[in-house]
Amino acid sequence: MTTASLPVTAGTAGEAPLLRAWWALKNSWVLARRSITRIVREPEQLIDVTVQPVIFVLLFTYVFGSAIRLAGGGSYHQFLISGMFGMTMAGTAPGTAVGLTTDMSAGLIDRFRSLPISRAAVLAGRTMSDLATQVLGIAVLAATGLAVGWRMQHGIGDALLAFGLSLLFAFAMTWAGACAGMLLRSPEAAQAMGFVVFLPLAFVSNAFVPTQGMPGWLQAFANWNPMSAVAAACRKLFGGEVATPPVWPMQHPELAVLLWSAGLIAVFAPTAVYLYRRKVLR
Amino acid sequence: MREPYAIEADGLVKAYGPTRALDGLDLQVETGSILGMLGPNGAGKTTTVRVLSTLLRPDRGSARVAGYDVITAAAQVRRAIGLTGQYSALDESLTGRANLVMVGQLCRLPRKRARQRAAELLDRFDLAGAADRGVKTYSGGMRRRLDLAASLVARPSILFLDEPTTGLDLRSRMVTWDAVRALAVAGTTVLLTTQHLDEADQLAGRIAVVDRGRVIAEGTSAQLKAKVGGERVQLTVAPPSDLAAARDVLSRHADGPPNVDPGQRTVEAPVTGGARRMPAIVRDLDAAGVLLDDLGIRRPSLDDVFLTLTGHAAESGTSREEAA
């Protein structure tokens, strides 16, 4: 297997790089629209971003929330919804992995690959459509939050900033999911990865409980978990902050989300495209 | 710029572990012709199509399609080709029309042009009535037709069809054959793979017989048949007692000794230019008082070709699965 000498020609060799990028973007958009059309025709695919957050919010607010007392006496649902933003946005990753493994196992991928389109378009189309579903996820989460008494206490400007940071993080996580999708063989494996890898990572964060009570090593992990940064940033912007651990990402959560997202995209987007090209030539 | 060969493969090798799916395969397809790749399961047909359509890198060897190297100029190759694989390459949850429009837009047609082209193809493949239904409601034949339509959206000059009619009913097969013939008339180069000997015979100007990752024979249908031997006259007598007389008559006209099968009451002998000598054979049989049930000229089928060339029957093939 000669993976070292992959052809450098993208979908449209011989064109000016800018024109090529333009077409790559257009192709990605066509493929993103395809995924969105699929979702409209099969809305059950949306359970991840609609029903699931509602269930989590209700469970945590009324079951666990009844027993959790926050230091300083803040309200738990105000604390929880921001945590749910962190978890739900990161939860895009397993969804992307499932979507891509489904695409790759169908014959359709051969059609895309035999067309003169950019190699990144299949992946970018998927991450773009997953971003669109996350917009819906945010709306559902906010509506559920409002129903249980959560409020955007610092005004619409800060709230929009929180939504924007959350979506940026979601987009970054879709690229991590795209990598997983290229490494895993079946949608079932991707689904399992969601439970085995993603769920524990989501719980070892400040999403549901403050980290101060955790053992030292777990606390360190939780404080540096990017989901914690998203949750902390949302708490700062929506209101509902609790005592902040003296750790850099918790002290500067908005900046931490920006850096985490940029870093994740910088690592996972090129890796996903590389894995895609390697995978499809075998 | 018109290349003499639309497709040229040179010593292609592709191994999967110890199995060699391709083992030094050479192939040339003239621009504007139809070449049928004929072989059993596991012969390397699909692997060849995947290499030529840039979906797979060969371990060794090289190939040029539309004058471009499939490895170093894959993008240019993709702009010249259409591919209909063995398994339907459609989005099941979209409508037939949406599938074609999507492919059109990916091929850089403006939205309006993509819609026009989709409508055109839906009409041509008799799918206009089902155009706005989800593909998952389509029958196997409809899917294949839509799949073929999808590979034609960008008007490719070279078309790859991997077992285009496998699993199709007779009607869908006829529609597909007509479409392929029409494309060839319009100047499209077609490479099709098939396990159906009659399909290669019907459609392809030239046939490449493939076995174990190599082309073991190549030529027109007639040339291949000539390798196996020429025409044979075969007759069936009514009463078994006429067998001897019939054999005597045939041996006077035949190029070789007649074969007698008493059980079937048949006599068969090689006769070159069979049709021209038929009247004389009939007159002599009549003069000898032979009562006939049946009389005819039999041309060797491609089944015979395959048996002669490979020593094993085409349909049974080897136990190896076609490597994907």
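Me: In chain B, what percentage of the contacts with a separation of 6 or more comes from residues 24 or more positions apart?
Reply: The model is a predicted one. The contacts considered here are those in chain B with a separation of 6 or more. Among these, the share that joins residues 24 or more positions apart is 68%.

Me: How many helices and strands does chain B have, and what percentage of its residues is buried?
Reply: The secondary structure of chain B consists of 11 helices and 14 strands.

Me: What distance separates the centres of domain 1 and domain 2 of chain B?
Reply: The domain assignment places domain 1 of chain B at 5-226 and domain 2 at 230-299. Along the principal axes, the C-alpha atoms of chain B fill a box of roughly 75 × 45 × 40 Å. Taken over C-alpha atoms, the distance between the two domain centres is 44 Å.

Me: Which strands stand at the edges of the open sheet in chain B?
Reply: Four strands of chain B form this open sheet with antiparallel pairing, in the order E2-E1-E4-E5. A strand at an edge has a single partner strand, so one side of it is left without a neighbour in the sheet. The strands in this position are E2 (19-30) and E5 (68-69) of chain B.

Me: Which residue of strand E4 of chain B stands opposite B:Asp10?
Reply: Strand E1 (residues 5-16) and strand E4 (residues 60-65) of chain B run antiparallel and are joined by 5 bridges. Helix H1 (residues 45-52) of chain B lies across E1, E2 and E4, at about 120° to E1(B). In E4(B), the residue opposite B:Asp10 is B:Ser62.

Me: Within what arc do the buried residues of helix H9 of chain B fall?
Reply: In helix H9 (residues 243-253) of chain B, the buried residues are B:Ala246, B:Arg247, B:Val249 and B:Leu250. They line one face of the helix, because, seen down the axis of H9(B), they fall within an arc of 165°.

Me: Is B:Thr54 buried or exposed?
Reply: B:Thr54 lies in the loop between H1 and E4 of chain B. Its phi is near 70°, a positive value in a residue other than glycine. Most residues other than glycine have a negative phi. Since 28 other C-beta atoms lie within 10 Å of B:Thr54, this residue is buried.

Me: How many other C-beta atoms lie within 10 Å of B:Arg265?
Reply: B:Arg265 is found in the loop between strand E12 (259-261) and strand E13 (266-270) of chain B. Phi of B:Arg265 is near 60°, which is positive although the residue is not glycine. B:Arg265 is partly exposed, and the number of other C-beta atoms within 10 Å is 18.

Me: How far apart in space are B:Gly273 and B:Leu22, C-alpha to C-alpha?
Reply: B:Gly273 is located in the loop between E13 and helix H10 (274-287) of chain B. It counts as exposed, with 11 C-beta neighbours inside 10 Å. B:Gly273 and B:Leu22 are 251 residues apart in sequence, and their distance in space is 40 Å.

Me: Which element gives the largest share of the side of chain A that touches chain B?
Reply: In total, 25 residues of chain A are in contact with 31 residues of chain B. On the side of chain A, the elements giving two or more residues are helix H1 (17-41) and helix H5 (108-114). The largest share, 7 residues, comes from H1(A).

Note on methods. Residues are numbered from 1 along each chain as its sequence is written. Chains are lettered from A and ligands numbered from 1 in the order in which they are written. This is a predicted model: local features need pLDDT of at least 70, side-chain atom pairs count only at pLDDT 80 or more; totals for chains, interfaces and linings use all residues. Domain bounds come from an automatic or database domain assignment. Two strands pair if DSSP finds at least two bridges between them. Two residues are in contact if their C-beta atoms, placed from the backbone, lie within 7 Å. Axes are lines fitted to C-alpha atoms, for helices over the stretch in contact, and angles run from 0 to 180 degrees between N-to-C directions. A residue is buried if 20 or more other C-beta atoms lie within 10 Å of its own, exposed if 12 or fewer, and partly exposed in between; C-beta atoms are placed from the backbone. The arc is that of the directions from the helix axis to the C-beta atoms.
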